[in-house]
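User: I would like to learn how to read the features of a protein model. Could you guide me through one?

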Amino acid sequence: MDTQLAPGISDEQRAMLELEGTRFKYAGRKDTVIREMFGLSPAQFAQKVNWLLDQPDALRWDPVLVNRLRRLRDARAAGRRGSTWPGRR
């Protein structure tokens, strides 16, 4: 994508969104790539990506990817809200 379309989003932030949109074949591989590329824990990476998903510049940069990631995030959140914890009624 063109940097001129989203001047408020850095190359690193674009790389984070692209990585989040990547599907990994093997469990744990994404965690390794996150640590190697960004020096972050998976939890820190997830926090940054979630923040990015709410930024208008990210949406302008790649609306298809950002909207897909937003839908996935919303579905995970809905699943957590609808689930019951053991021992709770």
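User: Leaving aside its neighbours within four places in sequence, which residues is E18 in contact with?

Analyst: Please bear in mind that this is a predicted model. Once sequence neighbours within four places are set aside, E18 touches W61 and L65. E18 itself is found in helix α1. The C-alpha atoms of E18 and D62 are separated by 9.6 Å, although these residues stand 44 positions apart along the chain.

User: Is E18 buried or exposed, or something in between?

Analyst: E18 is partly exposed, because its relative accessible area is 44%, and that class covers values between 20% and 50%. For the protein as a whole, buried residues make up 30% of the 89 residues. The protein exposes about 6400 Å², of which carbon and sulfur atoms supply 52%.

User: How many helices and strands are there in the protein?

Analyst: The protein has five helices and zero strands, and the pattern along the sequence reads α-α-α-α-α. Contacts show how the chain comes back to itself: of those with a separation of 6 or more, 51% are between residues 24 or more positions apart.

User: At what angle do helix α1 and helix α3 pack?

Analyst: Such a pair is described by the angle between the two axes and by their separation. Helix α1, residues 11-20, packs against helix α3, residues 42-53, at about 105 degrees, and the axes are 10 Å apart. That makes α1 roughly perpendicular to α3, since angles from 65 to 115 degrees fall in that class.

User: Which residues of α1 and α3 meet?

Analyst: From α1 come Q13, M16, L17, L19 and E20, and they meet F45, K48, V49, W51, L52 and L53 of α3. Sorted by class, the contact of α1 with α3 has eight nonpolar residues, one polar residue and two charged residues.

User: Are R14 and D11 buried or exposed?

Analyst: The two partners fall into separate classes. R14 is buried, because its relative accessible area is 7%, whereas D11 counts as exposed because its relative accessibility is 55%.

User: Which parts does the pair R73 and D54 tie together?

Analyst: R73 forms a salt bridge with D54, and the closest N and O atoms are 3.0 Å apart. R73 lies in helix α5 (residues 63-82) and D54 in the loop between α3 and α4 (56-61), so the pair ties together parts that are 19 residues apart in sequence. R73 counts as buried at 18% relative accessibility, while D54, at 48%, counts as partly exposed.

User: What other salt bridge does R73 form?

Analyst: R73 also forms a salt bridge with D74, where the closest N and O atoms are 3.9 Å apart. D74 counts as partly exposed, with 44% relative accessibility. Through salt bridges that share partners, D54, R73 and D74 are joined into one network.

Note on methods: Residues numbered from 1 in each chain as written. Predicted model: local features only at pLDDT ≥ 70, side-chain atom pairs only at ≥ 80, totals over all residues. Heavy atoms only, no water. Axes fitted to C-alpha atoms, helices over the stretch in contact; angles between N-to-C directions. Helix = DSSP H or I, 4+ residues; strand = E, 2+ residues; numbered from the N terminus. Parallel < 35°, antiparallel > 145°, perpendicular 65-115°, else oblique. Contact = heavy atoms within 4.5 Å. Nonpolar A, V, L, I, M, F, W, Y, C, P; charged D, E, K, R; others polar. Buried < 20%, exposed > 50% of the residue type's maximum accessible area, 1.4 Å probe, protein only. Salt bridge = Lys/Arg side-chain N within 4 Å of Asp/Glu carboxyl O. Areas by Shrake-Rupley, 256 points an atom, 1.4 Å probe, with all protein chains shown as cover.
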